[in-house]
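Visitor: I am new to this structure. Could you show me how to read its features, one at a time?
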Amino acid sequence: MSEFNIEPEAVRAGAEAMFAASEAIYEAMNTLVQESSPLEGSAEAVEFVGIAECVQAVQVWETDYIAVHRADIEDLAMSAAISAETSAEADGDISSAFDQYADSYFPDGRTAPAPERPAPDPSTQMPVNGESVAVA
Amino acid sequence: MTITYNTLLEADFGAPEASGEAWMKLYGALEEQAATLVDLKAKDGSAFGIDNWDGESGEGARERVRDAVLALDERSAAARRVSVAITDAVEEFEGAQTDLNDVIAETDREKVTLTDTGSVIPDTSTGTDNVYYAEGLSSRIAAALDRATEADEALKAAIGTWAETFSESERLAMAADASDEAGELQELIDSGASPEAITDWWNGLTEAERLGILEGDPALIAGLDGIPTDTRDAANRDLLDAELDRFNPTLDGDIADIEAQMAAMEADGTDWLNRGRSSGYSPEYEALQEQLEALQSERDQRDSLMSLQDAITGQASTGQEYYLIGYDSAEDGRAIVSVGNPDTADNTAVYVPGTTAELDGFGNEIDRAEALAAASNDVASGQETAAIAWLDYDAPDEVKYDAFSMEYAEQAGSTLSSFTEGLSATHTNGDGHTTLVGHSYGTTVIGHTAAEHGVDADKIIAVASPGLDTAHADELGIGAENVYVTTAEDDGILASTDDYSWVEATLDGITQTEQGRDSDGDGAYAWHGEANPLHEDYGATQFSSESLDSKGNESTDGSDIHGGYFIPENVALENMAYIITDQPDRLQPVEES
């Protein structure tokens, strides 16, 4: 592995581009949510199984899939930002370390909420083969 | 769930339609942002390029960007498919609704009573004639409701699959439900069914059955001519993902470890055995060498597949999608990638590369297809041209030893022939216009295929051909007037057909001077086919091309010129675009070059 070397300005610009990408994805997803909201609870969604599936799809994409994409993108953006700001390899708690630089990356505040990864599916947390999930 | 009379009659499909449009916007946004992320690491000087960020974290960042781009690309394709599924369903719903309203409007109330629930009760006071009339109306109402129900079930299956709202058990159930159909398809394949028969059979399935086969047995349809392009693309991408996942994640580290062990043995002299008469590498060192070679081969295969995956990620420069119509990683590897969907395009070009083409470096072949698509879209506004890079054959590895052989073209013949039939069978946008574009040995493949197996194509272009395995263009079966040829002055390939040239060419790294073999100058010589395709006796139309290298610079090097046709700087590309878009009257003939 080659030695660490960084051009902070370039990497900072890359991090900003990634945050912007995350926000653009949020806006597009939000548009889909808004445009699809009349479907929710509609007679068509009740009577047509396909349309009901469309309603579910919007919900799943908003809370799960798109949220995960944005979280992945922003995690990397934060990591890049820390490396750029400190001129060092970033490790440890990236999110907390980024907090001190957040204002310079979002000088006017965020236009989109920070992505939240979905909680684990409880069905995948079930004990198997006698495994104990008791918490001490 | 069966759609009822009142449900269909009263439904308003404006909201689903708007949602479908919003899915398409999301697709566009995800594509756009994926392209933004690609740019972050596209070059060494990019924001996250190695010039700006080196070391472990930089390397890790580039890998994570790649992962994010692949994920977004996959998600955007899903959003596009969801949008198309909703749009198609709405069209069907509205069609069914119209059918129903037509029945209501046309009902003669003096003969029957149409109830609020859609029952048709005949007036039998004047006889039984009205009974038949009522049955006819009932049948039309039932057909409209069936149409809506089928569209509804298709929509559910499509959304569940593409938007991934189905649970694992639902997906398995869908695949299991389609197992009989998968078996039927296997029987069709085994019986040697034509691509057209495959398409007909496929179109007779429900959407849930089609998606069930895709879910349960993608390998069955991934390379099958007659299956729609979009479906083949989804199947092949699934298979490619799965194949890449099977590579050992520690492969690079394992190689580094072995290299380190070998270096240590070389340093302390234990790599070499020197006892009495027996000398040579020690058994331990030889074993490491063997392991290393096997792992390096595995790495090469993985890297080729990753390069293919990168090459088909995102949109083409033309704004069109890439479609992975087929691939195979065995031996030199094979791949078929389309820029744009040939099923819906107005024009289709099938580009067949020649000697040295293989999976490793297939991105260059895709670039050529992309150049053909871009040029064709430029010269025919309002039309879409899809261009396919087709490498579903084992191309000769070397000019010097392999390209003289017809064996490669002979083995490709039935495959290419079937592929063109498949394109024709799955095309849904009018008649379409298909052109086969061969380069170098690729022209031999096309010529042999057309003459011996037949091709479903309108035109053939032979670029820098060493012969089309025919004595006259008529033998290609599409009419000599539809065969076009070009070879730039000083292209090294002229030595394979020409009558006068002394050609300088770099062959296997050595610049050689070769004289053309057609000493009589009567055109009766080619490596393949005993006729120079450029000679007027062959009967093809010659168009102009320039002696440029692949960067667009003027050149006199025969090898460089041989690779310089598929670039915007070369008039050859524009001429090919005129042929592909069926505008041969705009061709620049060879005299004007």
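Predicted model: local features only at pLDDT ≥ 70, side-chain atom pairs only at ≥ 80, totals over all residues.

Visitor: At what angle do H12(B) and H13(B) pack, and how far apart are their axes?

Guide: The general idea is that two packed helices are described by the angle between their axes and the distance between the axes. Here H12(B), residues 283-311, and H13(B), residues 362-379, pack at an angle of about 20 degrees, and their axes are 9 Å apart. Angles under 35 degrees count as roughly parallel, so H12(B) and H13(B) are roughly parallel to each other.

Visitor: Is the crossing of H12(B) and H13(B) left-handed or right-handed?

Guide: H12(B) passes H13(B) in a right-handed crossing.

Visitor: Now the two chains. How many residues of chain A are in contact with chain B?

Guide: The size of an interface is often given as the accessible area lost when the parts come together. Here we can count residues instead: 46 residues of chain A are in contact with 46 residues of chain B. On the chain A side, the elements that give two or more residues are strand E1 (5-6) and helices H1 (8-36), H2 (43-47) and H3 (49-86). H3(A) provides the largest share, 17 residues. By class, that side of chain A has 27 nonpolar, 11 polar and 8 charged residues.

Visitor: Which strand of chain B is joined to E1(A)?

Guide: That is E1(B), residues 53-54: 2 bridges join E1(A) to E1(B), and the strands run antiparallel. A:Asn5 has B:Asp54 as its bridge partner in E1(B).

Notes:
Residues numbered from 1 in each chain as written. Chains lettered and ligands numbered in written order. Contact = placed C-beta atoms within 7 Å. Helix = DSSP H or I, 4+ residues; strand = E, 2+ residues; numbered from the N terminus. Nonpolar A, V, L, I, M, F, W, Y, C, P; charged D, E, K, R; others polar. Pairing = 2+ DSSP bridges. Axes fitted to C-alpha atoms, helices over the stretch in contact; angles between N-to-C directions. Parallel < 35°, antiparallel > 145°, perpendicular 65-115°, else oblique. Left-handed = near helix turned anticlockwise from the far one by under 90°.
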